[in-house]
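Please look over the sequence and the structure shown below.

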Amino acid sequence: MTASTRRRSEGHIESAILAVGAWQKLITDNPYDPDADEQRLNQQQRLASAALSSGASTVDVILEQADGQISEAALEAMPTLDQPIMAHEVVNPNWHTDSKLHSTLIAAGCGRAETMEFGWWHLLTLRLLRDSMLPDPPAFLLHRGAPARLPFDRPSLTADHAQISPQQRKGLDDSIRNLIRHSGGIWHRRGRWLFDAPLAASWWRVEIAQAANQADPVQVSARDAYAALSHCWRVWADAAARNSTRLAAPNCASAYVLAAANHKERTGTLPTGATAQHLVTNLMRRTQHLSVTHISPLELARLAS
């Protein structure tokens, strides 16, 4: 790819990312409005129906609703995969699938600059849906446990605006918000894309695990770091969204993994929930006035425990 071609591709993607935010505002209210107009209801009904139909239909409806602002050139500029991600891998991600996604994106020239933008993940999701690289139909976007636990019933998809019940309307709106979250994240809740969007979470778990390994390759393997982070991903990602400069340090990631390994040695399980929160909080609080890049992961791990 020449420099001029790369710049054009980047321009298409930047414009499309802005269009993603505009589309989200068009199809949902912040906060939820139970009295939204008939056009909003029809848009949500069409998108939910498409997600229950096929990946191609889902892409077509989103592009139509974005009024052509998400260009074909932008989707063509996004990377793709050489093997599809299966439904069970979306619900129960694993090291093999996540590391494959990570290495493929790295090989395509993608790095932290791109993957820190929630709209970028929306575009990647659209590209992968078009290329049949995600479960088809993509009902998981409406609910990670779909279709068994969808927050609406099928008659809601064709109900008239004047006849749909408040419960049906709210369930349909919830499912569309799920679709937005799982595709890349919601524009006004930017920090949550780290754990709401499965593709973004997959990439970042491996990215941070590899950074932890590089900080202490003798004691921390990338795979062990991935396992530790996977058990506490929501806790870690939430803290990282609020304190990104500190937890972004490879030494801190490596320190958490060592602290988690110590916990497993004592209890038989990796820390989750409140236990993981305690370790992360200690790591943040006890290092707030320290230069963590100059402290070994093992010493930092003692501060976390």
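## Cavities

Searching the whole structure turns up 2 cavities of 30 Å³ or more, a cavity being a set of points on a 1 Å grid over the protein atoms alone where a 1.4 Å probe fits but cannot get out, with lining residues having an atom within 4 Å of a point. The model is predicted, with local features needing pLDDT of at least 70, side-chain atom pairs pLDDT 80 or more, and totals for chains, interfaces and linings using all residues. Residues are numbered from 1 along each chain as its sequence is written, and side-chain values use heavy atoms, without hydrogens and water.

The largest cavity, with a volume of about 50 Å³, is lined by Val20, Trp23, Ile62, Ile70, His122, Thr125, Leu126, Leu179 and Ser183. Two or more lining residues come from each of helix H1 (3-27), helix H8 (118-130) and H9, and H8 gives the largest share, 3 residues. This lining has 6 nonpolar, 3 polar and no charged residues.

The second largest cavity holds about 30 Å³ of space, and its lining consists of Arg181, Gly185, Ile186, Arg189, Arg192, Trp193 and Asp196. That lining divides into 2 nonpolar, 1 polar and 4 charged residues.

## Helices H2 and H9

The axes of helix H2 (residues 38-51) and helix H9 (residues 166-183) come within 10 Å and cross at roughly 60°. The contact (heavy atoms within 4.5 Å) is made by Arg40, Leu41, Gln44, Gln45, Leu47, Ala48 and Ala51 of H2 together with Arg169, Leu172, Asp173, Ile176 and Leu179 of H9. By class, the residues of this contact are 7 nonpolar, 2 polar and 3 charged.

Key:
Axes fitted to C-alpha atoms, helices over the stretch in contact; angles between N-to-C directions. Helix = DSSP H or I, 4+ residues; strand = E, 2+ residues; numbered from the N terminus. Nonpolar A, V, L, I, M, F, W, Y, C, P; charged D, E, K, R; others polar. 1 Å grid on protein atoms, 1.4 Å probe; cavity = no way out; pocket = protein on both sides within 12 Å on 5 of 7 lines; lining within 4 Å. Points joined across faces, edges and corners; volume = space filled by probe spheres on them.
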